[in-house]
Amino acid sequence: MNDLTDFMLCGNLSVSDNGHLNFAGQDTAALASEYGTPLYLMDEERIRERCRTYTSAVRTAFSDKGRVLYASKAASFKRIYEIMREEGMGIDVVSCGEIRTAEKANFPLSNAYFHSNNKTDADIEYAIERGIGYFVVDNEEELFAIDRIAKEKGIKQAVLLRITPGIDPHTYEEVATGKVDSKFGSAIETGQAFLITKTALSLENLELVGFHCHVGSQVFDSSVYIATVDVMVKFVYDVFLKFGFITKKLDLGGGYGVRYIKEDPVIDIKESILEVGEHVKKCISQYGIEMPEICFEPGRSIVADAGLTLYTAGTVKNIPTYKTYVSVDGGMADNPRYILYGSQYTLLNALKLNEAHDMPCSVVGRCCESGDIIAENVKMPESTCRGDIIACLTTGAYHYSMASNYNRIPRPPVVMLNGGESYLAVRRETFDDVTSLDI
Ligand SMILES: *Cc1c(COP(=O)(O)O)cnc(C)c1O
């Protein structure tokens with residue numbers, strides 16, 4: 001038998017009497033046969049619960065001066081934007097494709113923040129035409145472009161400036177300037193952050209509303225945000241002294257971590273935000289400045305453990321004295337995170353949870369790359385064979401949104417689960433979809 005607590009990374013996972021994996025209270029084997037594999041499942045209630053955790057934490061910490069923006073690159077499709085609209089969340093977008101998708105969901109774009117380190121003129125025009133609320137401006141060149149296009153369109157565009165606080169999310173004590181060397185933002189250390197602020201204040205077609213920073217991802221430690229607050233609130237103060245500018249919005253970025261494997265810590269988001277909130281208030285009152293609206297922009301931690309991928313096992317290949325490979329009907333086309341980051345995952349045989357998962361193996365995809373691996377050195381039941389359903393946990397973030405058609409493999413559907421019901425949010429691609437752009 002397994003110690004299932006090792007695998008149950010999130011409360012939406014459970015095991016039925018027949019040893020099947022249940023997700024959001026539904027039998028994954030039944031879902032696999034209804035919708036086919038590979039299959040992305042998403043637990044709608046979990047997504048909503050995470051939104052509410054954030055919005056209520058921010059309300060407690062900052063009353064009406066807090067805001068949560070869903071960083072939609074983590075999982076971007078129409079239904080997600082509808083959920084975000086219903087939950088009263090703002091959104092971050094990083095491309096016109098995301099803007100268009102949000103618009104199709106009737107998401108109010110006045111509540112959308114346009115990021116990206118290189119917005120083209122066409123991007124800027126499109127976003128302004130669609131009525132984007134805010135640009136988060138990366139650099140001075142972009143600032144001039146937005147000012148020029150805003151003038152052409154006859155509007156005054158609200159902007160935030162992306163500031164690089166010089167904090168490395170993991171080693172910030174030792175390497176306090178490690179992240180100045182980044183393609184994102186304007187650094188305080190080099191003086192560019194003040195320069196871009198000065199320029200923003202001088203441009204007639206822009207309204208500077210505040211500052212943004214984002215120090216990294218998979219952060220488990222509140223002290224990273226505390227250090228960020230120290231730097232950013234001081235910057236807000238310095239900008240007030242230098243230019244008399246009163247910051248209306250201070251965006252502290254996203255990055256809260258999630259559990260991919262049992263060794264990953266659990267972070268209490270509410271507690272962390274309250275801690276960060278106390279620190280913000282302390283710093284603000286020390287400097288005697290006005291409290292800006294404080295934004296958080298979580299992506300991964302909203303959707304990651306609301307998602308799970310199901311595959312069907314194919315060839316099980318033992319290489320004597322080396323290892324066993326369990327191949328599945330997906331791979332790097334639906335999960336590029338292993339090949340990109342060497343990410344680790346928890347895998348389960350969704351039909352055989354009442355058998356010990358004690359056979360060491362690597363679960364690999366079907367793409368023509370030896371790096372096409374879902375997880376190395378995991379354990380599956382000895383009896384794992386062709387036709388078994390393999391579940392890969394915590395795939396709600398940066399999976400569907402990063403999926404490709406490599407090897408001309410059609411992308412899997414996204415099926416939402418809610419209250420015992422399931423429904424398609426994104427349908428499975430067909431071969432006709434895959435070939436539809438070929439002239
Ligand atoms: C990706 C990103 C986020 C979200 O990060 P997560 O780790 O998914 O929470 C937030 N803000 C910006 C600017 C980002 O680029």
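I started with Asp433. Asp433 forms a salt bridge with Arg427, and the closest N and O atoms are 2.5 Å apart. I noted that this is a predicted model. Next I looked up how open the two partners are. Asp433 has 26% relative accessibility, so I logged Asp433 as partly exposed. Arg427 is partly exposed too, at a relative accessible area of 49%.

Then I checked for shared partners. One network turned up: salt bridges join Glu44, Arg48, Arg52, Arg79, Glu82, Glu86 and Glu87.

Next entry: Arg411. I found Arg411 in a salt bridge with Glu429, with 2.9 Å between the closest N and O atoms. Arg411 sits in the loop between strand E19 (389-393) and strand E20 (414-418), and Glu429 in the loop between strand E21 (421-426) and helix H12 (431-435), so the pair ties together parts 18 residues apart in sequence. Arg411 counts as partly exposed, at 24% relative accessibility.

Next entry: Lys119. Its salt-bridge partner is Glu142, and the closest N and O atoms are 2.6 Å apart. I traced both ends. Lys119 is in the loop between strand E7 (112-114) and helix H5 (121-129), while Glu142 is in helix H6 (residues 140-153). The pair links distant parts of the chain, 23 residues apart.

Is Lys119 buried or exposed? I logged Lys119 as buried, because its relative accessibility is 6% and the cut-off for buried is under 20%. Glu142 is buried as well, at 5%.

Last, the tally. I count 24 salt bridges in the model.

Definitions and conventions:
Residues numbered from 1 in each chain as written. Predicted model: local features only at pLDDT ≥ 70, side-chain atom pairs only at ≥ 80, totals over all residues. Heavy atoms only, no water. Salt bridge = Lys/Arg side-chain N within 4 Å of Asp/Glu carboxyl O. Helix = DSSP H or I, 4+ residues; strand = E, 2+ residues; numbered from the N terminus. Buried < 20%, exposed > 50% of the residue type's maximum accessible area, 1.4 Å probe, protein only.
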